[in-house]
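Take a look at the model below. The text then walks through its rings, its charges and its fold.

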Amino acid sequence: MKWISVKERLPDEYDFVLISYVANENQNLRYVPSVGERINGFWTTKESSAESSAAHRDFERMYNVTVTHWMELPNAPTDK
């Protein structure tokens, strides 16, 4: 698996992926990746979906960040 730039391509909507994002006021500040998905053209995360409906609709605007990269989630482990 590798990181994919959002400038290169975006994941399908409603597919959970790992996202990497930066602070808009300081692009050198990169946050710990989160599980996110795109809904109606906007990013949301598992954390923001637990908050207000406004945060759920537009994670980037509500937290003043920009999603820069994403990658597919790994397969779940098996007990075998």
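Y21, Y31, F59 and Y63 form one aromatic cluster. Rings of Phe, Tyr and Trp (its six-membered ring) pair if their centres lie within 6.5 Å. Planes under 30 degrees apart count as stacked, over 60 as edge-to-face and the rest as tilted. By this rule there are three aromatic pairs. One of them joins Y21 and Y31, and this pair is stacked. The centres are 5.3 Å apart, with 25° between the planes. Y21 sits in strand β2 and Y31 in the loop between β2 and β3 (34–39), so the pair ties together parts that are ten residues apart in sequence.

The model is predicted: local features need pLDDT of at least 70, side-chain atom pairs count only at pLDDT 80 or more, and totals for chains, interfaces and linings use all residues. Residues are numbered from 1 along each chain as its sequence is written, and side-chain values use heavy atoms, with hydrogens and water left out.

How are the rings of Y21 and F59 arranged? Their centres lie 5.0 Å apart and their planes stand at 85°, so this pair is edge-to-face. The pair links distant parts of the chain. Y21 is in strand β2, F59 is in helix α3 (residues 59–63), and 38 residues separate them. Helices (H or I, at least four residues) and strands (E, at least two) are DSSP runs, numbered from the N terminus.

Buried means under 20% relative accessible area, exposed over 50%, and partly exposed in between (1.4 Å probe, protein chains only). Accessible areas come from the Shrake-Rupley method with a 1.4 Å probe; for residues, only the protein chains shown count as cover. F59 is buried at 5%. Y21 is buried too, because its relative accessibility is 10%. Y31 is partly exposed, with a relative accessible area of 32%.

Next come the charges. Side chains of opposite charge can pair when their charged atoms come close. A salt bridge is a side-chain nitrogen of Lys or Arg within 4 Å of a carboxyl oxygen of Asp or Glu. The count here is one salt bridge. R61 makes it with D58, and the closest N and O atoms are 3.6 Å apart. R61 is exposed, at 57% relative accessibility. D58 counts as buried, at 12%.

A negative surface patch is formed by D12, E13, D15 and E72. Patches are made of residues with over 30% relative accessible area and no salt bridge: like charges are joined within 9 Å, nonpolar side chains (Val, Leu, Ile, Met, Phe, Trp, Tyr) within 5 Å. Lys and Arg count as positive and Asp and Glu as negative; His and the chain ends are not counted. The place of a charge is NZ of Lys, CZ of Arg, CG of Asp or CD of Glu. E13 lies in the loop between β1 (4–5) and β2 (17–23). E13 is partly exposed, at 32%.

F16 is also found in the loop between β1 and β2. F16 counts as partly exposed, at 38% relative accessibility. The C-alpha atoms of F16 and M71 are 9.4 Å apart, across 55 residues of chain. I4, in strand β1, is buried at 6% relative accessibility. I4 and T68 are 64 residues apart in sequence, but 8.5 Å apart from C-alpha to C-alpha.

Finally, the whole fold. The protein has three helices and five strands. Along the sequence, the pattern is β-β-β-β-α-α-α-β. Of the 80 residues in the protein, 32% are buried.
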